Amino acid sequence: MMVVRPVRPADLPALERLAGLATPSLTNLPAHRDRLEERIARSRQSFGREVDFPGDEHYTFVLEDLERGEVVGTATLRAEAGAREAYYTYRQETLIHASQQLNVRREVQTLALSHEVSETTQLCALSLDPRYRGTSAESLLRRARLMFIAQYPERFAEVLAMAFPGYLDEQNESPFWNSVGRHFFVRDYHEINYLAGVRSKSFIAEVMPQFPLYLALLTPQARAAIGREHPAHEAAMAEMLAEGFMRSRHVDLFDAGPVIKGERERLHTFRRAAWHPVRVRPAHALPDAEPAMIANQRLADFRCVIARYALSPTGQLMLSPEHAELLGVEEGRAVLAAPLALPTAGEDELGFDEGEL
């Protein structure tokens with residue numbers, strides 16, 4: 001049985017292991033014991049704080065395999081990406097160069113420094129044990145954060161964002177960094193990525209050029225990498241696009257990895273989530289039903305599991321005693337449920353105009 005819950009101090013060794021397993025290494029999950037201890041402490045403070053609007057809160061969750069007694073995944077929510085310091089990205093723009101005398105009009109693609117993503121809530125720092133990749137446990141870890149936001153909307157921004165690791169070549173190098181960032185830092189991509197995780201990304205914006213970068217002046221390999229996710233994250237990207245996120249014009253400063261955005265009220269988990277009172281029944285007596293994410297409504301003791309979306313004729317959600325105990329709910333208490341499966345292409349016509357993002 002799998003459960004997503006807030007991180008605890010005892011989870012530190014597991015977080016260290018998961019940080020080392022991330023492919024590629026994540027800026028926002030450095031394999032650095034002191035920073036991970038700070039992350040745990042900050043998360044516990046955030047869960048215990050009274051909040052009326054999003055600020056500098058970080059909520060870190062773990063995925064626990066109860067049968068193994070092992071933490072096998074972690075993921076974080078940053079309530080406001082730029083609450084402490086501006087969250088910089090490159091924004092893809094189009095400039096028009098024209099001359100009536102020469103009868104010339106050219107559209108030129110550029111990248112400009114931006115901190116627009118600073119006002120969003122960021123879903124970040126997800127790492128999962130390789131044994132669980134491609135399973136329902138991975139979807140649970142990734143989307144349980146949306147179930148948490150749905151219950152405490154005042155703590156988060158209206159727009160959510162995710163930055164995906166960018167493309168690396170066969171030599172495990174970033175073509176974009178080698179074409180851009182390396183000219184301003186005498187360090188390779190992996191070293192600068194680690195330093196940004198241990199410190200912050202703000203020093204990058206202080207040194208990188210403040211003027212737009214003309215894509216035509218970059219190497220073909222660098223141009224091809226812009227907005228392209230790392231191959232190990234293609235399935236994750238597909239799932240979040242199915243959730244209702246959209247690719248934006250923003251890309252990462254280091255590797256030009258894509259940044260996706262979504263208005264939370266238009267995401268499928270939010271639109272399909274519903275509250276139901278609990279009815280406890282033996283597992284063998286529960287009817288067959290599609291799996292769903294089921295979450296309790298306890299802030300610091302938040303729990304989210306996968307169980308069958310089985311409703312009684314009166315609208316009660318039927319749970320096994322084991323799931324009810326894990327969620328800490330008694331019969332009659334309400335839980336939030338949302339289908340685990342996402343609609344396939346063509347099932348839902350609602351979406352965003354990429355220009356809005």
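Where is the place of Arg-143?

1. Arg-143 sits in helix H3; helices (H or I, at least four residues) and strands (E, at least two) are DSSP runs, numbered from the N terminus. This is a predicted model, in which local features need pLDDT of at least 70, side-chain atom pairs count only at pLDDT 80 or more, and totals for chains, interfaces and linings use all residues. Residues are numbered from 1 along each chain as its sequence is written, and side-chain values use heavy atoms, with hydrogens and water left out.

2. Arg-143 counts as buried, at 1% relative accessibility. Buried means under 20% relative accessible area, exposed over 50%, and partly exposed in between (1.4 Å probe, protein chains only). Leaving aside residues up to four places away in sequence, Arg-143 touches Glu-239, Glu-243, Thr-269, Met-293, Pro-339, Leu-340 and Leu-342. Contact here means heavy atoms within 4.5 Å.

3. Helix H3 (residues 136-151) and helix H8 (residues 234-243) have axes that come within 11 Å and cross at roughly 35°. The axes are lines fitted to C-alpha atoms, for helices over the stretch in contact, and angles run from 0 to 180 degrees between N-to-C directions. On the H3 side the contact is made by Ser-139, Arg-142, Arg-143 and Leu-146, and on the H8 side by Ala-236, Glu-239, Met-240 and Glu-243. By class, this contact of H3 with H8 has 3 nonpolar, 1 polar and 4 charged residues. Ala, Val, Leu, Ile, Met, Phe, Trp, Tyr, Cys and Pro count as nonpolar, Asp, Glu, Lys and Arg as charged, and the others, Gly among them, as polar.

4. Strand E15 (residues 334-339) pairs with strand E11 (residues 274-280) in the antiparallel sense over 4 bridges; two strands pair if DSSP finds at least two bridges between them. In this pairing Ala-274 stands opposite Ala-337 of E15. Strand E12 (residues 291-295) is also joined to E15 by 4 bridges, and these two run antiparallel. Met-293 stands opposite Ala-338 in E15, and Met-293 is also among the residues that Arg-143 touches.

5. Which residues of H1 are buried? They are Leu-12, Ala-14, Leu-15, Leu-18 and Ala-19. Seen down the axis of H1, these buried residues fall within an arc of 155°, so they line one face of the helix. The arc is that of the directions from the helix axis to the C-beta atoms. What covers them includes H2, strand E2 (58-65), strand E3 (70-78) and E6.

6. Glu-70 is found in strand E3 and counts as partly exposed, at 23% relative accessibility. Not counting residues up to four places away in sequence, Glu-70 touches Arg-17, Leu-63, Glu-64, Asp-65, Asp-129 and Arg-131. Glu-70 and Pro-291 are 221 residues apart in sequence and 23 Å apart in space, C-alpha to C-alpha.

7. Some backbone points deserve a check. Most residues other than glycine have a negative phi, and most peptide bonds are trans. The peptide bond from Thr-23 to Pro-24 is cis, with omega near -10°, and Pro-24 lies in the loop between helix H1 (12-21) and helix H2 (33-47). Ala-125, in strand E6 (residues 121-128), has a positive phi of about 55° although it is not a glycine. Ala-125 counts as buried at 4% relative accessibility.

8. Asn-172 is not a glycine but has a positive phi of about 65°. Asn-172 is found in the loop between strand E7 (159-163) and helix H4 (175-179), and at 40% relative accessibility Asn-172 counts as partly exposed.
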